[in-house]
Amino acid sequence: RFPQVLGWMWISICLNGLILSVVIIGVYVVSLQHYLGVVFLSDILEKKKGTPSEAEIHDIDMNLSKARTVAFISLVFCENVRAYICRSFSEPVWVDLCTNSVMQRAVLMAQVAMLCAVLIPFFSTDILGLDGLHIGWWGWLFSLVGPAATLVLCELSKLLTKWQMKRYQRQLQLMSDEGVSDGEVDSYEDSTDSDFGRS
């Protein structure tokens, strides 16, 4: 038996996950700096201790909620963008971009669900701890930095994946030339981007 997910596929999957994680953490850090002026938990707690009134503590909590909201919105945007990117391990995102109608509906539903999560009063603020109504234009615009960075970085990572795919195919050819288990080689030769990467 041969693995359904090959080594170069694992590298691509993990690399995409790493890119998404780094981008969203970066968005959250910048949002904390923008709304609170501090980033680390110790600084936030120190800021709360130095505030004499409940109103000021409430403002700090509200600003924390705004930073979380910007990161959450950006994460949803990033995941939707990555859904298009990951249709292929090596082809650019714009190839056959809108051919899957089911995917378009799924992405649209994800966007609607996200808007409900950050904009519906009580459900957003009291249950989810988010506050899309008060993040301002800065919050909405900055949340778009995440998907833009994810798009660029993930597309660049496909250059590495394409090189790995070509190297893998060369290894298969060498195995075939050396007469290593013809049936095994045949099973692997179809493990190209068209089989595993396009949906």
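**Figure 1. Trp138, a partly exposed residue of a predicted model.** Let us start with Trp138, which has a relative accessibility of 30% and so counts as partly exposed. The model shown here and in the views that follow is a predicted one. Trp138 forms a stacked aromatic pair with Phe142, at 4.8 Å centre to centre and with 15° between the planes. Both residues belong to helix H6, where four residues, about one turn of the helix, separate them. Phe142 has a relative accessibility of 16% and therefore counts as buried, since the cut-off for that class is under 20%.

**Figure 2. The edge-to-face pair of Tyr35 and Trp138.** How many aromatic pairs does a search of the whole structure find? The search gives two. One of them joins Tyr35 to Trp138 in an edge-to-face arrangement, 5.6 Å from centre to centre and with 90° between the planes. Tyr35 sits in helix H1 and Trp138 in helix H6 (residues 136–142), so this pair ties together parts of the chain that lie 103 residues apart in sequence. Is Tyr35 buried or exposed? Tyr35 is buried, at a relative accessible area of 14%. Taken together, ring pairs link Tyr35, Trp138 and Phe142 into a cluster.

**Figure 3. Helix H1 against helix H3.** Here we move to the packing of helices. H1 spans residues 7–35 and H3 spans residues 54–85; their axes come within 9 Å and cross at roughly 155°. That angle makes H1 roughly antiparallel to H3, because angles over 145 degrees fall in that class. The crossing of H1 with H3 is right-handed. What kinds of residues make up the contact of H1 with H3? They divide into 14 nonpolar, five polar and four charged residues.

**Figure 4. Helix H2 against helix H3.** In this view, H3 meets another partner, helix H2, which covers residues 41–49. The axes of H2 and H3 are 9 Å apart, and the two helices pack at an angle of about 155°. H2 and H3 are therefore roughly antiparallel to each other. As for handedness, H2 passes H3 in a right-handed crossing.

**Figure 5. Inside the largest nonpolar core.** In soluble globular proteins, nonpolar side chains tend to be buried together. In this model, the largest nonpolar core has 29 residues, and the members that touch the most others are Leu36, Ile44, Val70, Ile73 and Met114. Which elements give two or more residues to this core? They are H1, H3 and helix H4 (101–119). H3 supplies the largest share, with ten residues. For the chain as a whole, 36% of its 199 residues count as buried.

Figure 6. Asp131 is ten residues from Pro121 along the chain, and their C-alpha atoms are separated by 8.4 Å.

**Figure 7. The chain that holds these views.** The chain has nine helices and zero strands. Read from the N terminus on, its elements run α-α-α-α-α-α-α-α-α.

Technical notes:
Residues numbered from 1 in each chain as written. Predicted model: local features only at pLDDT ≥ 70, side-chain atom pairs only at ≥ 80, totals over all residues. Heavy atoms only, no water. Axes fitted to C-alpha atoms, helices over the stretch in contact; angles between N-to-C directions. Parallel < 35°, antiparallel > 145°, perpendicular 65-115°, else oblique. Left-handed = near helix turned anticlockwise from the far one by under 90°. Nonpolar A, V, L, I, M, F, W, Y, C, P; charged D, E, K, R; others polar. Phe/Tyr/Trp six-rings, centres within 6.5 Å; stacked < 30°, edge-to-face > 60°. Buried < 20%, exposed > 50% of the residue type's maximum accessible area, 1.4 Å probe, protein only. Core = buried A, V, L, I, M, F, W, Y, C linked by side-chain atoms within 4.5 Å.
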